[in-house]
Amino acid sequence: MTKERTLTAQLAQEIVDRAMRAGATDAEAVVVEGDEFHTKVRLGQVETLTESQSRAVGLRVFMGQRTASTSTNDLSEASLQRLVKGAVELSRITEEDPFAGLPDASEFSERRNGDGLGLFFDDVYSLPAQERIEMARAVEAAAMGADVRIQNSDGGTFTAATSWRAIANSRGFVGEYRKSYCGLGVTPIAQDESGMQRDGWSHAARTLAKLETPEEVGREAAKRALRRLGARKVKTQRATMVFDRNVSRGIIGDIFDAVNGEAVYRHASMFADKLGEQIASPLITVVDDGTMMLEPGLAGFGTLPFDGDGLPMQRKVIVDKGVLQTYVANTYTARKLKMRSTGNASRGLAGAPGIGSGNFYLEPGTQSLREMIAEVQSGLYVTETLGSGVNLVTGDYSQGASGLWIENGEFTGAVEEITIAGNLKDMYKNIVAVANDLTFRGSSASPAIRVEGMTIAGA
C-alpha cells in the first residue's frame with residue numbers, strides 16, 4: 001500500500017477518536033474512495049463517456065445501547081466537525097436497542113488488508129482513454145460482424161473502476177483494502193423476416209489480463225441474439241425446465257435472501273425455523289465462501305480480508321445435500337438469533353451494517369449441459385426471466401420468461417411471451433439434475449439446473 005493510501009485508514013481512525021472525545025461510548029468510521037471510467041459506443045460513435053472520482057466518510061456512534069449514524073462526502077474540517085457532532089447528538093435521543101454495539105475485540109479478523117489476496121490490479125487503468133473507447137467499439141463491431149442479420153445494436157460498453165475502503169473502530173480494529181474491476185458488454189439487435197430480437201453478453205474481471213476479448217464477448221452476444229429469431233409462444237402446460245446458469249444463479253441466489261438472519265428473525269422467510277430440515281433436493285449443496293480464490297493470486301469477486309464488522313470472512317455450507325445448515329448473520333442479527341456472526345456484515349456509509357454474501361454458489365454436478373438437454377423429451381430451456389415475481393415469505397415464483405423449446409433432446413426454436421410459475425420450496429426439491437458448467441462471472445454463480453413439474457402460462 002502506498003503512503004498516500006494509508007492516509008485513508010488514518011482518516012477513519014481520526015474520525016473515531018473525535019467521536020470518542022465528543023462523548024460516544026463506542027464509534028466506528030468508514031472511509032470510501034472510488035474512481036470509475038465508463039463509455040458506451042453505439043454504431044461506432046461514442047454515446048456516453050463518464051469519468052468520476054468520489055470520497056466519503058460514514059460514522060456510527062454508540063451511546064450505551066443507543067446508536068446513530070451520519071455520513072458526508074465533504075471532507076473539509078467544518079464538515080467533519082458537523083459529522084461528529086451530529087452523530088453524537090443524534091445518538092443521545094434514539095431509542096435503546098439491546099442488540100446494538102460493536103463486536104467484541106477478540107472476534108476481529110487478524111487479516112487487516114488485502115495484501116496477497118489479488119483484489120487489486122492497476123492494469124484496469126493502464127489503457128489510455130482512447131484505447132478504452134476502442135475496446136467498446138471493438139466489442140460492438142465483433143457482434144455486428146458475426147452475421148449479416150445483425151445490422152443494429154444497443155451499444156458496446158467498457159468500464160474500469162477501482163475503490164478503496166478503510167474501517168476503524170474504538171475497540172482497536174483498523175483495516176483497509178483496495179479493489180479493481182473492468183468489464184466489457186454489448187447488446188446486438190438481430191433481424192430477419194420474423195422480426196427483431198435483442199440479447200446481450202458481458203464479461204467482468206478484476207484485471208485486464210483476465211477479461212475476455214472483445215471478439216469473444218461480441219460473438220457470444222451475437223449468438224444469443226440470433227437464436228431468439230423466430231420466437232413463438234407455446235401453449236399453457238406443465239413441463240420440465242432447464243435453467244441456463246445465468247438464470248439459475250438467481251434462483252439459487254434466492255436461498256441466500258431466505259437465510260438472511262434479519263428476514264429469519266422477523267419470520268419473513270420461508271426458511272424460518274427450518275434449520276436441520278430437508279429444504280431441497282439431495283443434489284443441492286450451496287456454499288458461501290468469502291475466502292475463495294479463483295486461482296493463486298486472484299480473489300473471487302466476493303472475497304475480502306474482513307467483513308463490514310471487521311470480522312473474518314468465512315467459508316460455510318448453507319445447504320448440504322438439501323439440508324439447511326445455517327442462517328447468515330452479521331453481529332447485530334447474530335445477537336437477535338442467539339448465534340455467532342457468520343462474517344456476512346456488509347457495510348455501507350450510512351446506517352448499520354447489512355448482510356451480504358461472499359462467493360455464493362451451488363456446487364456443480366457431473367453432467368454436461370448438452371447431456372442434461374438430451375434427457376428432456378419435452379420442455380423449456382430458460383435463458384432469460386423478467387420481472388420480480390418472487391415471494392420469499394411464501395415461496396411463490398412467477399416470472400416472465402423466454403428461451404428455447406426442447407423436443408426429444410433437441411432445441412426446436414425460440415420461445416417468448418410466456419410466464420413460468422411454481423413455488424420455490426417445491427422447485428428446490430424438484431431439482432433432478434445439476435450441470436457441471438459452474439463459472440464465476442460475479443460473486444454468485446450456479447451451474448444449469450433441471451426442474452420438473454413447473455407451469456408454463458402461454459398461448
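In this predicted model, Asp289 has Asn359 of strand β16 as its bridge partner, a contact that belongs to the pairing of strand β9 (residues 286-289) with β16, in which the two strands run antiparallel and are joined by four bridges. Strand β16 also pairs with strand β21 (residues 444-445), here in the parallel sense and over two bridges, and within this pairing Phe360 stands opposite Ser444 in β21. Along β16 itself (residues 359-362), Asn359 and Tyr361 point one way, whereas Phe360 and Leu362 point the other way, and all four are buried. In a regular strand, the side chains alternate between the two faces of the sheet.

Turning to the pockets, the largest has a volume of about 480 Å³ and is lined by 28 residues, with Arg165, Tyr177, Lys179, Phe301 and Leu304 lying nearest its centre. Two or more lining residues come from each of β4 (150-169), β5 (174-192) and β14 (345-346), and β4 gives the most, with six residues. By class, the lining of this largest pocket divides into 11 nonpolar, 12 polar and five charged residues.

The lining of the second largest pocket comprises five nonpolar, 10 polar and six charged residues.

Notes:
Residues numbered from 1 in each chain as written. Predicted model: local features only at pLDDT ≥ 70, side-chain atom pairs only at ≥ 80, totals over all residues. Heavy atoms only, no water. 1 Å grid on protein atoms, 1.4 Å probe; cavity = no way out; pocket = protein on both sides within 12 Å on 5 of 7 lines; lining within 4 Å. Points joined across faces, edges and corners; volume = space filled by probe spheres on them. Nonpolar A, V, L, I, M, F, W, Y, C, P; charged D, E, K, R; others polar. Buried < 20%, exposed > 50% of the residue type's maximum accessible area, 1.4 Å probe, protein only. Pairing = 2+ DSSP bridges.
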